Each structure stands twice: as structure tokens, then as C-alpha cells.
Amino acid sequence: MKQTTWKKRLTGLFLSIAVFVAAMGSMAAKADAAPAADLQLAAKSAILLEASTGKILYSVNPDAPLPPASMSKMMAEYLVQEALKQKKISWDEKVAVSEYAFYVAKISDTSGVYLNAGESFTVRELYNAMAIVSANDATVLLAEKIAGSEANFVQMMNKKAAEFGMKNTSFVTSSGLPANELGPYSVKTDQVENLMSARDSAILARNLIRDFPEALEVSKIPRFTFRPGSKNELKMANNNWMLPDLPNYYPGVDGVKTGYTDAAGYCFTGTAVRDNMRLISVVMGADSKTKRFVETKKLLDYGFSNFKLTKQMDKNAPVKGFETAPVKNGVELNVPAVTGSEVKVLTKIGTEPKFTPTVTFQDLNAPIKAGQVIGKLVLKEEGASNTDYLQSEDEAKAGIDVVAGQEVEEASWIRLFFRSIIQFFGNLFSSGTGK
């Protein structure tokens, strides 16, 4: 009996140890899984992403179409920059104040630079007023200059939004002012407010920054003077209080656009750079002017504290296992393949993930020039779960160009003729050996 009791106790001890080990293993697994952060944002909608990859780091209700207020002006900025690039207008071109712009300037409790009838300003002055202090009067005047009327400009805005893949966006005014608050210029429409989701706002900001990086040189200006040196001179602070010498300064912030209407609440599409990594954040529907910046700080702190871009390969480096690519009709049968740029990947700080390289080569025909794109390198993180991207094409385009390490000349017809004969007999003998 004593021996049996001893065996039972020993068995029970082993079972207890097994249960304890299993429980600890389960806890470790949960720790490794690192549940998604809960930043407890006081906002209706928000998103945070790394700009170069389009990878979403955090989001709350990102696809809900909400009033963006003056964040709409990012599209106006893009279309002005595009018109300048196409030489339809110039920075130094003077624009006379229209009746509509003069009316908007007189609307109380809205952002503006008080444009007066009879005045004229350069495109640059108006653009700066729009981008820095969110001037509604300057915005509608630029809209009229580019498209002939605000209605035509709004059509351009919606067309460009569709081109960008902004699926939850619809503009009715260029400035973001409600369409029914423009007096005799009010638009008769069932939709009163512009609508845009946090994801779409991030898409818009990313396109503006990528296609016209000079826009950040304006958006990062903390203080602005309109009509400098005149009796009607206006000295104003940027509405983005996260810039230097303003109440909510955050190192690295250089854009992009704030917004407010009664329906929208307080909104902000921000961007900041640290350690060569740019983040884009959107906060919509905060309940105070300061709160939108407080919530943006939470997003940026989370992004910069938890993620980094790490270099995996140098530029002009061969990819192991994909050192050469086959070439048809060339003097050489293969061309050396190297990375077209430095290869960086987004990783979580404190982890050392392993990446498996895969190169997909194009169907290459000589001649091939040195530096010519010949394929795409994708680094897949081992054991990584599905990554959420800003847009589906970000995932499709993920990767680095692989380029030719040297040129390959086109072979002469004589060389190709003898090569085909050698290949023919080689295949013939190979076939005979197989039998």
C-alpha cells in the first residue's frame, strides 16, 4: 500500500509539473504574439503608416467616410503643384481677387487672409496662405485660376481622388467649407460636407509628399506674414501646432494639414521623419484644437518607439541564389544581377527577424544596358503574419528593383547560328543518352 501511494504521489507531482510547463509555454507564446497596441485614441478615426512601404502600423475605423474640413486642401495643393509642373500657371503669376474669393474672405469664424476686392497676389503668395494658414479665400481663388470655377476644380479633385484609389472620398468644395454656408455661392447638393476616410487622407498626403516633396518646404513653415510691409500686413502662425516654437512642438514634424468644421471636429494629417523613416498619421474627429495634436503624438510615439527601417543589403549587391539572369540573343548567355538601391525593411524594434529573398526576373533579350531593371527582389519575413498595407498595390509593388550589373551586347547572326547548331547537337546527344 505504501509503495502504491508513493507512486500515486510521484505521478501527481509529474502531472503538476507538466501542467505548469504547459501554462508557462502558453504564456510565452502569448507574449511572443505581442497583441496589437491599444492607444485609446480620443478620435472617431485614425491611421498610422510608414511612408516608403505603405505598411499600416496602427488604425482605428480607417475606412469610415467622415468630414475632413480643411484637410481637403491637400488635394488643392496637389492640383496647384501639378498645374505648375505642367506650366499651366507660374509661381510669379498675379491673380486678381474675384467676387467669390472676396465673399469667402468675409465669412466670419473661418480661416483666411482677408482678400480685398481690387487686390492681386502671386500664385506663390496664395499657395502659401492656403498651405500654411489654411486660407479659404486663397484656396477658392486658386481653384478659379486653375479650372475657371470652383465647380470645375471640384470635378478635378474628385477625378484625381479616383486616380489615387481614394475609395471613400467625395468633394463638394475646394476649401472644405460646407457647401451650404457659401451664401449666394452655395452649392445645391444633398451632400453638404466633403467626405474622406482616414485611409484616403493618408493616401492623399502620401501622394502629395511623394510627387511634390517641395510641398513640405511650405507646410513646415511655423509662422507666416501676408502682405509683408503693407498697412494690412498679417502675421499668423501655422495651424499645425506641432511645428517648432508652437504649443505642441514634436521633433521631426514637417506637415501636412489641419482641419475643422462643426461637423468634422478637429482633424489633422501629420507627418514626421526620424532616423530616415517617415511616418504619416491621420486623426479625425478630435474634440479640441489641442487634442488632435495630443492624439497624433500618441501615434507618432508608438511608431517611432516600436518600428525602424533596417538595411539588409547594399546597393549593387548580388542576391544569393539569384546572382545571374538568363539573356536571349546576347553575346553572353547570362547577365550579373545586383540590387538597384539599398535594401531596407521595416522591422519591429527589439526583434531580429530573418528574411528569405526571392527574385523574379523579366524575360530578357539583348542588348541589355548596365543598370537596366531586369527583375524585382522581395524579402519575405520568415514566420510573419499578413501585413496590412495602405493600398493593395503597395503589397503588389513591394520589393526592390534588381538591375543588370553590366551590359550585354546583342550577338551577331553568325554567333547565334553556330550557337543554335551546338545546342541542336547537344540536345540530340542528350536525348540519345537518355534512351
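Is helix α5 mostly covered or mostly uncovered? Keep that in mind as you start, and note that this model is predicted.

**Stop 1: helix α5.** Select residues 136-147. This helix has 12 residues. From its first C-alpha to its last it reaches 16 Å, close to the 16 Å expected at 1.5 Å a residue. Now for the opening question: α5 is mostly covered, with 9 of its 12 residues buried. Colour N136, D137, A138, T139, V140, L141, L142, A143 and A147 to see the buried ones.

Stop 2: Click G148, which follows the helix. Its phi is positive, near 90 degrees.

**Stop 3: the sheet.** Move on to the strands. Five of them form an open sheet, in the order β2-β1-β9-β8-β7, with antiparallel pairing. Select β2 (56-60) and β7 (253-261) at the edges. Each has a single partner strand, so one side of each is left without a neighbour in the sheet. Neighbouring strands here are turned by 5 degrees against each other on average, direction ignored.

Stop 4: Zoom in on β1, residues 45-50. It runs antiparallel to β2, and 4 bridges join the two. Pick A46: its bridge partner in β2 is V60.

**Stop 5: the helix across the sheet.** Finish with α9, residues 291-306. This helix lies across β1, β2, β7, β8 (265-274) and β9 (277-286). Look along β9: α9 runs at about 145 degrees to that strand.

Conventions. Residues are numbered from 1 along each chain as its sequence is written. This is a predicted model: local features need pLDDT of at least 70, side-chain atom pairs count only at pLDDT 80 or more; totals for chains, interfaces and linings use all residues. Side-chain values use heavy atoms; hydrogens and water are left out. Two strands pair if DSSP finds at least two bridges between them. Axes are lines fitted to C-alpha atoms, for helices over the stretch in contact, and angles run from 0 to 180 degrees between N-to-C directions. Contact means heavy atoms within 4.5 Å. The expected span of a helix is 1.5 Å times one less than its number of residues. Buried means under 20% relative accessible area, exposed over 50%, partly exposed in between (1.4 Å probe, protein chains only).
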